[in-house]
Amino acid sequence: GLDIGNHVAEFQAGIAEMAEGISKALPAHYVSDAHKRAQPYVDQGVPEQLALKISGLVNLYSGCDVVGLAAKRKLPVLDVARTYFAVGTRFRLGRLRAATDTMDSENHWAQLAIAALVEEIYAHQLALSNLVLDHSGTKVDAKTGVENWIAANQLAVAPTEQLLTELWSTEVNDLSMIAVASRQIRAMTQNG
């Protein structure tokens with residue numbers, strides 16, 4: 001039942017736009033990280049532009065989510081991408097997903113649980129982006145839009161920020177820590 005042709009047609013232009021302009025949508029530290037990830041390729045003789053493209057592919061992982069939200073809201077893809085990445089930065093969702101890389105996945109079920117949590121955190125980021133766009137639109141810069149939404153939803157945000165602060169004050173080395181954080185982020189999204 002998967003109609004690949006329709007999906008390609010639906011996302012092709014938006015993904016191309018996002019890929020072409022991704023550096024304009026990313027916070028500065030994402031761009032810096034992409035340069036760091038590219039350096040080993042450059043050191044091995046890969047042309048710098050190609051190395052940067054390869055190292056930046058990770059930032060396109062959410063491309064279909066961003067393009068879909070932009071189409072649904074009838075907004076420019078890069079504006080939605082800016083909000084999406086600003087939400088991720090503000091709540092350190094990439095760091096939360098990356099913490100799963102160090103998790104011991106000793107069996108198939110643990111691997112499935114880790115993958116499910118990573119996908120869940122991506123879904124939270126998309127839902128939060130939608131809420132921020134509801135509140136602030138794209139008339140202000142993305143970072144300001146996120147902060148405006150936070151200020152307007154302090155009762156929902158405060159418990160999440162407290163939990164995340166506690167989480168980052170220690171080593172995130174257990175799947176249950178990420179599961180609890182994900183659940184708290186979901187509660188914030190539902191109450192915001």
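**Aromatic rings and their neighbours**

A: To start, Tyr30, Tyr84 and Phe85 make up one aromatic cluster. Keep in mind that this is a predicted model.

Q: How many aromatic pairs are there by this rule?
A: The count is three aromatic pairs. Take Tyr30 and Phe85: their ring centres are 5.4 Å apart and their planes are at 65 degrees, so this pair is edge-to-face. The pair links distant parts of the chain, with Tyr30 in helix H2 (residues 28–43) and Phe85 in helix H5 (residues 77–90), 55 residues apart.

Q: Tyr30, buried or exposed? And Phe85?
A: Tyr30 counts as buried, at 14% relative accessibility. Phe85 is buried too, at 3%.

Q: What sort of pair do Tyr61 and Tyr122 form?
A: Tyr61 and Tyr122 form a tilted pair, 4.9 Å centre to centre with 35 degrees between the planes. Tyr61 lies in the loop between helix H3 (48–55) and helix H4 (63–73), while Tyr122 belongs to helix H7 (residues 108–136). Tyr61 is exposed at 52% relative accessibility, whereas Tyr122 is buried at 13%.

Q: Which charged end sits over the ring of Tyr122?
A: That's Arg97, whose charged end is 3.8 Å from the ring centre of Tyr122. Arg90 likewise has its charged end over the ring of Phe91, 5.6 Å from the centre.

Q: New topic: where is Thr189 found?
A: Thr189 is in helix H10 (residues 175–191), and it counts as buried at 13% relative accessibility. Leaving aside residues up to four places away in sequence, Thr189 touches His124, Ala127, Leu128 and Leu131.

Definitions and conventions:
Residues are numbered from 1 along each chain as its sequence is written. This is a predicted model: local features need pLDDT of at least 70, side-chain atom pairs count only at pLDDT 80 or more; totals for chains, interfaces and linings use all residues. Side-chain values use heavy atoms; hydrogens and water are left out. Helices (H or I, at least four residues) and strands (E, at least two) are DSSP runs, numbered from the N terminus. Buried means under 20% relative accessible area, exposed over 50%, partly exposed in between (1.4 Å probe, protein chains only). Contact means heavy atoms within 4.5 Å. Rings of Phe, Tyr and Trp (its six-membered ring) pair if their centres lie within 6.5 Å; planes under 30 degrees apart count as stacked, over 60 as edge-to-face and the rest as tilted. A charge sits over a ring if NZ of Lys or CZ of Arg is within 6 Å of the ring centre and within 35 degrees of the ring normal.
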